[in-house]
Amino acid sequence: ADGLKGAPAPFDKGGVKVALVGYISGGDFFRAFNNGAQRQAQALNVDLRVFPGKEDAALQRDQIQQAINLGVKAIIIDHGQPESLKDVVQQALDAGIKVVAFDVNIDNPKVIQIEQSDKDLAESVLGQAIKDNGKTFKAGYVYVPGFAPLDRRDAVWSGVKKANPGIVEKARWGTVAAPVATSVAAQANAALRANPDITVVFAPWDEFARGTKLAATELGAGKKLKIYSADVSTADIAEIREANSPWVATAATNPSVVGATTVRAAALAVAGQTPAARIAIKPVLITREELNQYDIKTVEELAAKSPSFGRSDAALAAWIPLTR
Ligand code: SR1
């Protein structure tokens with residue numbers, strides 16, 4: 001393998017093995033996250049071994065064991081269930097392997113934790129919901145507890161309801177069963193039929209929003225409903241911009257930038273150039289109005305329009321080539 005000129009050891013020789021171990025199998029966010037990680041790994045001549053998730057905690061543990069046995073220098077863990085990971089992560093650390101955890105709290109000071117500033121994300125999109133709908137409305141909420149980003153967004157939703165007694169959560173649904181959007185659509189269909197007075201849905205994962213939109217369209221409820229989400233992809237932008245789409249705003253980081261950041265953080269740790277112990281990547285608020293105003297059709301066009309969405313300043317070093 002080719003080494004990277006001017007890079008510290010072991011990157012000067014190339015072929016450094018790093019594992020990326022996922023938990024969730026599908027969806028635009030995770031595809032883009034993996035693509036971003038792979039592009040950054042390529043630029044560093046890192047041999048990135050990707051272990052895709054299947055929403056299976058036992059499988060994820062097993063894959064981390066496999067990564068340890070492969071002799072990787074770092075493991076990036078993308079989501080998962082903290083209680084089933086803590087001991088196996090400790091085994092990796094004991095073997096001298098650096099560990100980066102994205103969106104799963106391992107609760108170990110040796111692990112570099114990365115997230116997307118979920119508090120900012122939820123506050124900005126819920127602020128938009130209040131701006132559009134006032135402080136009195138009946139809401140639907142899509143949530144599955146136990147996932148760090150969803151739990152952090154949930155804390156903001158609880159705070160918003162407490163501060164605004166006129167916002168009443170009439171129904172709650174959600175699942176991570178793949179394919180998520182289709183599974184959520186079936187749940188949303190039942191919830192919206194049972195609660196025709198719901199006018200706002202907080203769906204803080206784009207797969208949740210896509211499923212809810214599908215149900216609203218099937219029920220012909222699209223016109224009176226507004227959906228506020230997290231995440232963005234090129235396919236999401238098209239759905240948000242469709243005529244009469246109920247999906248009106250989202251708050252998001254660029255998932256490929258997040259994936260790239262996890263690889264850079266792992267590389268810095270392997271090189272002994274300890275990155276920050278906690279990295280939080282700032283999201284941007286994206287509304288249909290602005291997408292239409294600037295005629296933004298793709299994530300790349302969004303990145304060009306909004307530089308803070310297009311890159312992250314976290315885990316940078318002069319020797320690390322920056323990718324998107
Ligand atoms: C089940 S957790 C789904 C979330 O993970 C990532 O943080 C994305 O933002 C997505 O919303």
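**Close-up 1. Strands β1 and β2 side by side.** Strand β1 (residues 16-22) runs parallel to β2, with 6 bridges joining the two. V18 finds its bridge partner in β2 at L48. Strands here are DSSP runs of E, at least two residues, and helices are runs of H or I, at least four, each numbered from the N terminus; two strands pair if DSSP finds at least two bridges between them. This is a predicted model: local features need pLDDT of at least 70, side-chain atom pairs count only at pLDDT 80 or more, and totals for chains, interfaces and linings use all residues. Residue numbers start from 1 along each chain as its sequence is written.

Close-up 2. The 6 strands line up as β2-β1-β3-β4-β5-β11, with parallel pairing. β2 (46-51) and β11 (278-280) sit at the edges with a single partner strand each, so one side of each has no neighbour in the sheet. Helix α1 (residues 28-43) lies across β1, β2 and β3 (74-78), at about 160° to β2 (axes are fitted to C-alpha atoms, for helices over the stretch in contact; angles run from 0 to 180 degrees between N-to-C directions). Contact means C-beta atoms, placed from the backbone, within 7 Å.

**Close-up 3. Around the ligand.** Among the residues surrounding the ligand are F29, D103, F147, W205 and D231 (C-beta atom, placed from the backbone, within 6 Å). Domain 1 (16-115 + 254-281) and domain 2 (118-252) both give residues to this shell, so the ligand lies between them; the bounds come from an automatic or database domain assignment.

**Close-up 4. Where the domains touch.** Here 14 residues of domain 1 are in contact with 15 of domain 2. Helix α1 brings the largest share of domain 1's side, 3 residues.

Technical notes: Contact = placed C-beta atoms within 7 Å.
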